[in-house]
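Okay, thanks for having me, everyone.

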Amino acid sequence: MTLMTMIVKMSEGLGKTCAIFFLTLLFSLPLGMLVALLRMSRNRIVSAVTRFFITVLRGTPLMLQLLAVTYGPYYLFGANVARNKLIPVVIAFAINYAAYFAEIYRGGIESIPVGQYEAAEVLGYTRMQTFLRIILPQVVKRIMPSVTNEVVTLVKDTSMAFTVSYQEMFTIGKQIANSQTSFLPFVVAGVFYYVFNFIVDRVMGRIEKRLDYYK
Amino acid sequence: MTEIPQNGAPSAPILEIRGLRKSFGDLSVLKDISLSVEPGNVVSVIGPSGSGKSTLLRCASFLETADGGDILYDGQYAMKDGVYASKAELNHCRTRFGMVFQNFNLFPHYSVLRNVSEPPLLHGEDKEEVRERAMSLLKKMGLEGKENAYPCQLSGGQQQRVAIARALALRPEILFFDEPTSALDPELTGEVLKVIRQLAEDRMTMVVVTHEMPFARAVSNRVIFMDKGVIVEQGHPEDVFGAPTQERTKQFLRNYQS
């Protein structure tokens, strides 16, 4: 098999790689905020339960979580394994990343000086207005570097989908590598991920720059 | 001139506090504080660190929850015998006062103009009217041409003047200042004090917690000296500064004169 055929075949999986990437972000970014708010809840039980789930999701391998979400229903209830593996894969990724984003959000929210809340309160902002208008925009700016970190990691983590044989780019590459006893597909995969992250880095950098209008 | 008579009768106080108590854990910060502020009065609160001056203002502005006593705005109870009024009533009381913080607490992601004009806009006021008011307040604060700047581009003194404009934009009846110049170097302190003095000349009702003794003496028509959570002495500035009756007041002021 020529290098060109390898590249073409692996490219066919790029759509699925992108699907995991974008869908995970689409769900985990807002879900993370919900988890962060639950984690900071004044209700001790809510906060403790949320904290427990976060430790589980961050403390066990993503690979294990992928297997659990994909095959768990079969072993537990005898349910059929989803025909479209994208669904369990995205569920596992979204939940896992939400846990990380939640902690990033929490750190950001807690770093906002209490004086901002006090000023807003005295000026008659409601709690919702204070959060949406005063706190959140400042949090977004502060957490951008940490979020970029996670997004870059997510690009590479999509390769983890090979454990459930979801036909994304890396899974295809691995299959070619096995059948051709060649290391070349891994090199191709590495280049793909690097280019992907190069773009991610540029986009995130641009967003950070746009938020640079105040200190 | 301690009282400003209106139609011959002494005017009703804007803010009245009776028997206010507050403790942090075992530490009693305010012990039975009473004071009332009549329209047009400028009250300075002085005293050593930890005397409870700032806590007094923070209780009056509901930023701290007091443990007991009464707080009234225009005769309306915000707290009666340690029990707070309903949320709606507190919100209504909140429209009567403005607060200027030691650390300005401007919103860094908003331009100067938006800092000043967003609160009244959120209260549903007319856009054009708010804009005009904000611009004229900024002008009054000597910040003409700075409306599109961001707080981080301004000096501390300018930031504090934006904060004062922001508080005034809601047209409060009384303005609280919590050590408004303590975060500023001496050069910038003057420009903020000048603005507060100008407000006093406009008969703005104010309570100023401050360490600026010459300012308190010159601008206020009542001075309150606090120590360890109680009002030790109060009266006309010339009396409190010129002829203090309490030993503790004398001792405190001596430290400032040397």
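The angle here is about 25°, and the axes are 8 Å apart. Axes are lines fitted to C-alpha atoms, for helices over the stretch in contact, and angles run from 0 to 180 degrees between N-to-C directions. Helices are DSSP runs of H or I, at least four residues, numbered from the N terminus.

Quick housekeeping: this is a predicted model, where local features need pLDDT of at least 70 and side-chain atom pairs need 80 or more, while totals for chains, interfaces and linings use all residues. Residues are numbered from 1 along each chain as its sequence is written, chains are lettered from A and ligands numbered from 1 in the order written, and side-chain values use heavy atoms, leaving out hydrogens and water.

Back to chain B. Among the α5(B) residues that meet α6(B) are Arg161(B), Ile164(B) and Leu168(B), where contact means heavy atoms within 4.5 Å. By class, that contact has seven nonpolar, four polar and two charged residues. For the classes, Ala, Val, Leu, Ile, Met, Phe, Trp, Tyr, Cys and Pro are nonpolar, Asp, Glu, Lys and Arg charged, and the others, Gly among them, polar.

Is Ile164(B) buried or exposed? Buried, with a relative accessible area of 0%; the cut-offs are under 20% for buried, over 50% for exposed, partly exposed in between, with a 1.4 Å probe and protein chains only. Leaving out residues up to four places away in sequence, Ile164(B) touches Met141(B) and Phe177(B), among others.

Over to chain A. Helices α5(A) and α7(A) pack at about 140°, axes 9 Å apart, which makes α5(A) oblique to α7(A). Their contact has twelve nonpolar, three polar and two charged residues.

Now the rings. Phe93(A), Tyr97(A), Tyr100(A), Phe101(A) and Tyr105(A) form one aromatic cluster. The whole structure has 22 aromatic pairs over all chains. One of them, Tyr194(A) with Phe198(A), is tilted, at 6.4 Å centre to centre and 35° between the planes. Rings of Phe, Tyr and Trp (its six-membered ring) pair with centres within 6.5 Å; under 30 degrees is stacked, over 60 edge-to-face, the rest tilted. These two sit four residues apart in α9(A), so about one helical turn separates them. Tyr194(A) is exposed at 58% relative accessibility, and Phe198(A) is partly exposed at 40%.

Definitions and conventions. Angles under 35 degrees count as roughly parallel, over 145 as roughly antiparallel, 65 to 115 as roughly perpendicular and the rest as oblique.
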